[in-house]
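Please keep the sequence and the model in view while reading.

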Amino acid sequence: MDYFLLKQSGTVSIPKAPPEKASDPMEPSVRTIGQVGILDKFDYIAREHLVSDRLKHLLALYLPCQVWRPCVFIDPPRKDLRTFWFLPALSYLPKQVETASNGMPAAVWVEEQDFAKRAPGILHVRSPKGTVYYLVHLCVAESILRRGICGLELERLSSELSHPVVQL
């Protein structure tokens with residue numbers, strides 16, 4: 001199966017999330033940032049897995065029935081704002097994920113009968129070190145490229161596992 005690692009292209013500094021209150025975890029995160037327009041160069045911010053409105057509308061096609069939590073960046077002096085969305089945690093786990101020495105996913109294997117049924121075109125995987133990564137299938141990657149989404153890179157994962165899964 002053809003999967004790609006979703007990575008941020010370039011750098012952008014965003015304010016950290018304010019300390020969580022004892023409120024609804026689905027409440028929007030609101031953060032003050034100077035020159036909010038700098039975020040227009042990014043449709044994906046890897047540090048917190050945030051996607052722009054444009055990218056969210058595309059990914060929502062592949063993730064129906066998911067709850068998306070907003071993160072709003074505001075620039076009060078300019079009365080400007082940008083809305084990003086936290087990528088949702090997904091319950092489907094691939095059959096096997098092989099990681100490189102740096103802990104990043106290097107190959108993924110999804111059972112063929114799961115693809116397009118239980119397995120979404122977007123996968124949420126955690127490395128042995130605890131870092132979360134999002135992987136997108138080729139059909140999602142093509143949609144991203146056709147729409148001119150910016151500020152992200154798609155790194156193709158190996159289609160061959162070095163340690164193939166043995167079926168018993």
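## A central strand pair

Strand 1 (residues 3-8) and strand 10 (residues 132-137) run antiparallel and are joined by three bridges. Helices (H or I, at least four residues) and strands (E, at least two) are DSSP runs, numbered from the N terminus. Within this pair, Leu 5 stands opposite Leu 135 of strand 10.

## Basis and confidence

The model is predicted, so local features are given at a pLDDT of at least 70 and side-chain atom pairs at 80 or more, while totals for chains, interfaces and linings use all residues. Residues are numbered from 1 along each chain as its sequence is written, and side-chain values use heavy atoms, without hydrogens or water.

The average pLDDT (the predictor's confidence in each residue, from 0 to 100) of the protein chain is 87, and 89% of the residues score at least 70. Over residues 162-168 the pLDDT stays under 50, and the model has eight contacts (heavy atoms within 4.5 Å) for them beyond four places in sequence. Where pLDDT is low, the predicted coordinates should not be read in detail.

An open sheet is formed by four strands in the order 9-10-1-11, with antiparallel pairing; two strands pair if DSSP finds at least two bridges between them. Strand 9 (122-126) and strand 11 (152-156) are at the edges with a single partner strand each, so one side of each has no neighbour in the sheet. Neighbouring strands of this sheet are turned against each other by 35 degrees on average, direction ignored.

His 124 is placed in strand 9. With a relative accessible area of 13%, His 124 is buried (under 20% relative accessible area; exposed is over 50% and partly exposed in between, with a 1.4 Å probe and protein chains only). Beyond its neighbours within four places in sequence, His 124 has contacts that include Ala 89, Leu 90, Tyr 92 and Leu 93, as well as Val 132, Tyr 133 and Tyr 134.

## Helix 2 across the sheet

Helix 2 (residues 138-146) lies across strands 1, 9, 10 and 11, at about 85 degrees to strand 10. For such angles, axes are lines fitted to C-alpha atoms, for helices over the stretch in contact, and the angles run from 0 to 180 degrees between N-to-C directions.

The buried residues in helix 2 include Val 140, Ala 141, Ser 143 and Ile 144. They cover an arc of only 160 degrees around the axis, which puts them on the same side of helix 2; the arc is that of the directions from the helix axis to the C-beta atoms. Among the elements covering these buried residues are helix 1 (53-62) and strand 1. The face turned away from the buried side carries Leu 145 and Arg 146, which are exposed. Gly 148, with a positive phi near 70 degrees, follows helix 2.

## An aromatic pair

Rings of Phe, Tyr and Trp (its six-membered ring) pair if their centres lie within 6.5 Å; planes under 30 degrees apart count as stacked, over 60 as edge-to-face and the rest as tilted. By this rule there is one aromatic pair. Phe 73 and Phe 84 form this edge-to-face pair, at 5.9 Å centre to centre with 80 degrees between the planes. Phe 73 lies in strand 5 and Phe 84 in strand 6 (residues 80-86), so the pair ties together parts eleven residues apart in sequence. Both Phe 73 and Phe 84 are buried.
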